Amino acid sequence: TNGRYESRLGTFVTALLHKQSSLSYQQPVGVALMNHHGGLRAPINAGPITLGEVFEVMPFENKMLLLEVPGKKLTEIITFVGTSSSSMMWPVSFEITASGVKNIEVDGKAVDPNRTYLLVVSDYQANGGSGFEMLQALERVDIVPVKLRDMIIAEVRELTTNGDTVKTEVANLITVSMQ
């Protein structure tokens, strides 16, 4: 997939967005959506992570919102992500084939069309940015929005306070087989 669908930084930020939003909003968030082509503006280099680097990665004042998404609509959103390759989702996997997006799963399970999922997404995308007009009509959960940058800072501080280093790999949740 060579960074078109997934990247190390995209995996790191989308996974931490999923985790940190569940903590920030004190409820289990089902899916995180992150605009990684254009949304993440700089790499994080090896070595100590500075506050300046976090601001370079996320220079925008994007606030994260929670949306209630019916399962059928979530499948449409994931299919759009698969065909546009402009965003990443966590913990979502799918296959890109010649006939479309297939084998969609959330956290290792097929999307339940009768379930409502909580989707964490930036206010930019929730308001239709990057082609996500389909998000505008979704019900918003009443929360105090948290900036994505603050979630990145919280994750890095949590890891380094515990003596861990920030390590990430491409999740390889997206497969491309044009057969």
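**Note on the predicted model: pocket, aromatic pair and backbone**

1. The residues lining the second largest pocket divide into seven nonpolar, three polar and three charged. The model is a predicted one. The volume of this second largest pocket is about 190 Å³. Of its 13 lining residues, those closest to the centre are Gly 30, Val 106, Asp 107, Arg 115 and Tyr 117.

2. Where the lining comes from. Two elements give two or more residues each to the lining of the second largest pocket: strand 6 (109-110) and strand 7 (116-122). Strand 7 supplies the largest share, three residues.

3. Ser 122. This residue also belongs to strand 7. Is Ser 122 buried or exposed? Ser 122 has a relative accessible area of 8%. The cut-off for buried is under 20%, so Ser 122 counts as buried. Leaving out residues up to four places away in sequence, Ser 122 touches Asn 62, Lys 63 and Met 64.

4. Overall make-up. The protein has five helices and 10 strands. Of its 179 residues, 46% are buried. The accessible surface comes to about 9,000 Å². Carbon and sulfur atoms account for 51% of that surface. Now take the contacts between residues at least 6 apart in sequence: 77% of them join residues at least 24 apart.

5. Aromatic pair. The structure holds one aromatic pair. Phe 80 and Phe 132 form it, edge-to-face, at 4.9 Å centre to centre and with 85 degrees between the planes. Which parts of the chain does the pair tie together? Phe 80 lies in helix 3 (residues 71-84), while Phe 132 lies in the loop between helix 4 (123-126) and strand 8 (139-140), so the pair links parts that are 52 residues apart in sequence.

6. Phe 132 is buried, at 0% relative accessible area. Phe 80 has 23% and is partly exposed.

7. Cis peptide. Trp 90 and Pro 91 are joined by a cis peptide bond, with omega about -10 degrees. Pro 91 sits in the loop between strand 3 (88-90) and strand 4 (92-97). As background, most peptide bonds are trans.

8. Positive phi at Asn 103. Most residues other than glycine have a negative phi. Asn 103 is not a glycine, yet its phi is positive, near 55 degrees. Asn 103 is found in strand 5 (residues 100-106). With a relative accessible area of 55%, Asn 103 is exposed.

9. Positive phi at Ser 130. Ser 130 is not a glycine either, and its phi is about 60 degrees, again positive. Where is Ser 130 found? Ser 130 is in the loop between helix 4 and strand 8. Ser 130 is partly exposed, with a relative accessible area of 27%.

10. Asp 150. Asp 150 lies in helix 5 (residues 148-161). At 40% relative accessibility, Asp 150 counts as partly exposed. How far apart are Asp 150 and Gln 20, in sequence and in space? They are 130 residues apart in sequence, and 9.5 Å apart in space, C-alpha to C-alpha.

Methods: Residues numbered from 1 in each chain as written. Predicted model: local features only at pLDDT ≥ 70, side-chain atom pairs only at ≥ 80, totals over all residues. Heavy atoms only, no water. Helix = DSSP H or I, 4+ residues; strand = E, 2+ residues; numbered from the N terminus. Buried < 20%, exposed > 50% of the residue type's maximum accessible area, 1.4 Å probe, protein only. Contact = heavy atoms within 4.5 Å. Areas by Shrake-Rupley, 256 points an atom, 1.4 Å probe, with all protein chains shown as cover. Phe/Tyr/Trp six-rings, centres within 6.5 Å; stacked < 30°, edge-to-face > 60°. 1 Å grid on protein atoms, 1.4 Å probe; cavity = no way out; pocket = protein on both sides within 12 Å on 5 of 7 lines; lining within 4 Å. Points joined across faces, edges and corners; volume = space filled by probe spheres on them. Nonpolar A, V, L, I, M, F, W, Y, C, P; charged D, E, K, R; others polar.
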